[in-house]
Amino acid sequence: PRQLTRAAQPLIHCITNPISIHDCANIILAAGGRPIMAEHPAEVAEITRSSHALALNLGNITDARMKSMPESLKTAASLHIPVMLDLVGTACSNLRYEFAQKLMNIHMPELLKGNMSELLAMSGQTAHAIGIDAGTQDALTDTNRSHLKELFQEKAARWNTTLLITGKEDMVVSSSKCAFITNGTPAMSQITGTGCMLGMICATYLAVTDPFTAALTAAAEFGIAGEKAEKNSFGPGSFQVELFDQFYNLTEQDINVSEKILFNK
């Protein structure tokens with residue numbers, strides 16, 4: 001997807017939160033796309049119409065974005081523009097949970113992204129979120145792995161979508177495929193917005209490839225960039241700068257040597 005994206009330079013319409021909006025725009029540029037961050041309800045349909053993918057992020061939700069997102073989603077659906085929905089906070093906020101359900105009923109996004117607590121909540125299961133972070137009780141383990149794979153594959157089939165479930169180990173799940181990715185570093189959770197940024201890379205790749213490939217590639221590449229950034233940084237400030245540079249400069253060889261992906265069909 002990286003080469004395809006840099007050749008195509010797709011326009012990615014993002015309706016996201018102000019906490020990470022600057023980093024989200026920059027990571028799309030680093031991935032080879034072009035970001036536009038319009039969120040006014042009166043213009044979003046027009047902006048989405050000219051875009052190649054739509055990225056919706058529920059972080060720090062506001063009245064304006066709750067009006068804008070359905071409008072953009074309807075436009076994307078009518079024009080077959082692929083959509084990534086990042087379910088930030090749906091395990092700790094009834095407002096966001098119900099709003100996410102509303103969006104999924106308007107049009108099921110091609111890719112649903114969230115941490116384990118958020119995806120458990122959306123699947124009707126008990127979740128143990130700590131704010132927007134996943135609870136340790138919800139972590140993926142060898143004991144619950146096959147159960148969670150079965151649960152999420154059933155949801156992916158019923159919803160006709162692909163799921164990216166993030167954590168220490170990421171899962172990408174469709175109705176027929178499942179992969180586990182162990183790239184990354186705890187340092188990525190020490191700066192704000194890395195989850196949002198990963199969603200934006202997914203959306204950028206979604207403009208040029210299928211949802212499973214977009215999510216799998218984005219999670220592996222961003223995780224590898226995090227590992228490389230940690231080796232060259234001295235704290236969260238330098239890590240953030242290094243993360244952008246390492247992601248931007250990743251080569252095919254870097255990815256082939258460092259990716260840790262286990263397929264489980």
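Modeller: Happy to! Thr-213 shows how the term works: its relative accessible area is 26%, so Thr-213 counts as partly exposed. This residue is found in helix α9. The C-alpha atom of Thr-213 is separated by 9.1 Å from that of Val-172, although the two residues are 41 apart along the chain. Please keep in mind that this is a predicted model.

Now for the wider setting. The protein chain has eleven helices and nine strands. Its radius of gyration is 17 Å, close to the 18 Å that the globule rule gives for 265 residues, so the chain is as compact as a globular protein of that length. Along the principal axes, the C-alpha trace spans about 45 × 40 × 30 Å. Of the 265 residues, 55% count as buried. Take the contacts between residues at least 6 apart in sequence: 71% of them join residues at least 24 apart.

The part I'd like to show you is helix α2, which covers residues 21–31. Its buried residues are Asp-23, Cys-24, Ala-25, Ile-27, Ile-28, Ala-30 and Ala-31. What covers them? The cover includes the helices α1 (2–8), α8, α9 (211–231) and α10 (236–249), together with the strands β1 (11–15) and β2 (34–36).

The crossing of the two helices is right-handed. On the α2 side, Asp-23, Cys-24, Ile-27, Ile-28 and Ala-31 take part in the contact, and they meet Cys-196, Met-197, Met-200, Ile-201, Thr-204 and Tyr-205 of α8. Sorted by class, this contact has nine nonpolar residues, one polar and one charged. Asp-23, Cys-24, Ile-27, Ile-28 and Ala-31, the residues that α2 brings to this contact, are also listed among the buried residues of the helix.

Finally, look at where the helix ends. Gly-32 follows α2, and its phi is positive, near 105°.

Technical notes. Residues numbered from 1 in each chain as written. Predicted model: local features only at pLDDT ≥ 70, side-chain atom pairs only at ≥ 80, totals over all residues. Heavy atoms only, no water. Axes fitted to C-alpha atoms, helices over the stretch in contact; angles between N-to-C directions. Helix = DSSP H or I, 4+ residues; strand = E, 2+ residues; numbered from the N terminus. Left-handed = near helix turned anticlockwise from the far one by under 90°. Contact = heavy atoms within 4.5 Å. Nonpolar A, V, L, I, M, F, W, Y, C, P; charged D, E, K, R; others polar. Buried < 20%, exposed > 50% of the residue type's maximum accessible area, 1.4 Å probe, protein only. Rg over C-alpha atoms; globule rule 2.2 N^0.38 Å.
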